[in-house]
Amino acid sequence: MSSIEIEGGHRLYGEVQVQGSKNATLPIMAAALLNSGISILKNYPDIEDVRQMKLLLESLGCRIILEDDQMIIDSQPAAETVLEQDVTGKIRASSVLLGPMLARFHHVKIAQPGGCRIGKRPLDIHMNVFKAFGASWSMDENFIEVECTRLHPAQIRMSKRSVGATENAIMTAAYIKGRSRIFNGAVEPEIIALCDYLKAAGTFIQIDDDNTITVEGRECSHASIDIPGDRIVAGTYMGAVTACGGRLKLSGVRLQDCRGFLNVFAGMGMQLKNDGIEAVTITMDGRPSAINMVETEPYPGFPTDMQSIVMACAAMASGRTVIKEKIFDNRLGAAVQLNRMNANIHVRDNTACINGVERLKGAAVMAQDLRGAAALLIAAMSAEGVTYLNNTEYLDRGYVDLCGTFNRLGARIHEK
Ligand code: EPZ
């Protein structure tokens, strides 16, 4: 268990190049299995979840070369259709290998995926997708197995806008000749990036305003993609400035991808100015203001991945904020840890009622998931005194050197 010591009370100044999106990179790596040629991913983030996905693909037989900031994947040698626990258990994103492996090999057996403890995270919607394409599945506490003799195009209505299940549906459909349609699909920027990769490889994909996604499978061949900036990482820096004060220039992120939370930080008092193509300057002076109420929703609503970071900012805001977590059934765990830092947060029925306090106080706290870890780090950087944050390996799953970057911007973080 790794831990760090943070001395709070330092404002942040400087510039940050936002890393490539983790949640775009992972499904695009999986989709490379569908490609009969070479896939080139530019601007991928060198983080633990991507390293784990690389191991997964290599255990299937893929050849992967990392050159400069490019990942080059040749999936032609892939032949394995079974993935054991030792790698799939570490990341939830292993679930998006199901679609490509089923489409290409007509059989896939993977150990139950792992990932953050933010709720039950069942896979029933994924299984309904595969059934619609003509496959059958079985599952126990250790493995998921999906197989088919032949796959056919499908018309699928998603019961929930599940990001992973939509990604599996698109990737499976991309390998099947004929037209499939996905109704009520998720359309997060990360899914748009996946579609951009598949279109570059030759697939026809159209997304309508009512979240209907039409896919016509064609032979997928050589494709390269520029991974877009990670909107949640950009939001993490916005949360840090809102909590600590200061002025940052963020480059490499598209503002339209951040629609769901820009207004939240603006409501707290963060100033934002366009500063060139895919660049913004964010400034914060004084104590954040409370924002009354915010609810997590599928894109373009307020994203669940920003929820604990906004909670940390609200914990020190002037006034009362209510945050309702409507996507996951157990993702308010940061409240318990923030209360150890003198916060005043009450949680009931997936709703957190946050009465902002003048100043948080340093304490010993424990990270329990990726974005919760970022939220506690932000709280510690703004708190009075010293905080000891444990389980910081969560940060490495989704951020490239977050502590080193914050130190470069003026924070005082000592990695033990
Ligand atoms: C993706 O997870 C992201 N992960 C998550 O980011 C993100 O929080 C989530 O989408 C929501 O936006 C990756 O892209 C690797 P879902 P995913 O399927 O696909 C329920 C991070 O911090 N559900 O959209 O697993 C599910 O339990 C991570 O980067 C079912 O009930 O999320 C949840 O309540 C954390 N049955 C809701 O739907 C299913 O079959 C949304 O889940 C599938 C999902």
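Trainee: Which helix supplies the largest share of the lining of the largest pocket?

Mentor: Bear in mind that this is a predicted model. The largest share comes from α1, which gives four residues to the lining. Helix α1 spans residues 22-31, and α5 (124-132), α6 (163-174) and α12 (370-382) also supply at least two residues each.

Trainee: How many residues line the largest pocket, and which lie nearest its centre?

Mentor: The lining has 44 residues, and R121, V163, G164, I327 and F328 are those nearest the centre. The space in this pocket comes to about 1,200 Å³.

Trainee: How does the lining of the largest pocket divide into nonpolar, polar and charged residues?

Mentor: There are 16 nonpolar, nine polar and 19 charged residues in the lining.

Trainee: Which residues come nearest to the ligand?

Mentor: Around the ligand there are 21 residues, and D124, S162, V163, D305 and I327 come nearest.

Trainee: Why is H107 called buried?

Mentor: Buried means under 20% relative accessible area. The value for H107 is 18%, and therefore H107 is buried. This residue is in strand β7, residues 107-111.

Trainee: With which side chain does the side chain of H107 make a polar contact?

Mentor: The partner is the side chain of E145, at 2.5 Å. Beyond its neighbours within four places in sequence, H107 is in contact with residues including T81, M101 and V146.

Trainee: How do you know that C148 counts as buried?

Mentor: The relative accessibility of C148 is 12%, and the cut-off is under 20%, so C148 counts as buried. C148 lies in the loop between β9 (143-147) and β10 (155-157).

Trainee: Which residues is C148 in contact with, leaving aside its neighbours within four places in sequence?

Mentor: They are L102, H106, G134 and A135. As for W137, its C-alpha is 8.8 Å from that of C148, and the two residues are 11 apart in sequence.

Methods: Residues numbered from 1 in each chain as written. Predicted model: local features only at pLDDT ≥ 70, side-chain atom pairs only at ≥ 80, totals over all residues. Heavy atoms only, no water. Buried < 20%, exposed > 50% of the residue type's maximum accessible area, 1.4 Å probe, protein only. Polar contact = N/O pair within 3.5 Å; in protein donor to acceptor, adjacent residues only side chain to side chain. Contact = heavy atoms within 4.5 Å. 1 Å grid on protein atoms, 1.4 Å probe; cavity = no way out; pocket = protein on both sides within 12 Å on 5 of 7 lines; lining within 4 Å. Points joined across faces, edges and corners; volume = space filled by probe spheres on them. Nonpolar A, V, L, I, M, F, W, Y, C, P; charged D, E, K, R; others polar. Near = heavy atom within 4 Å.
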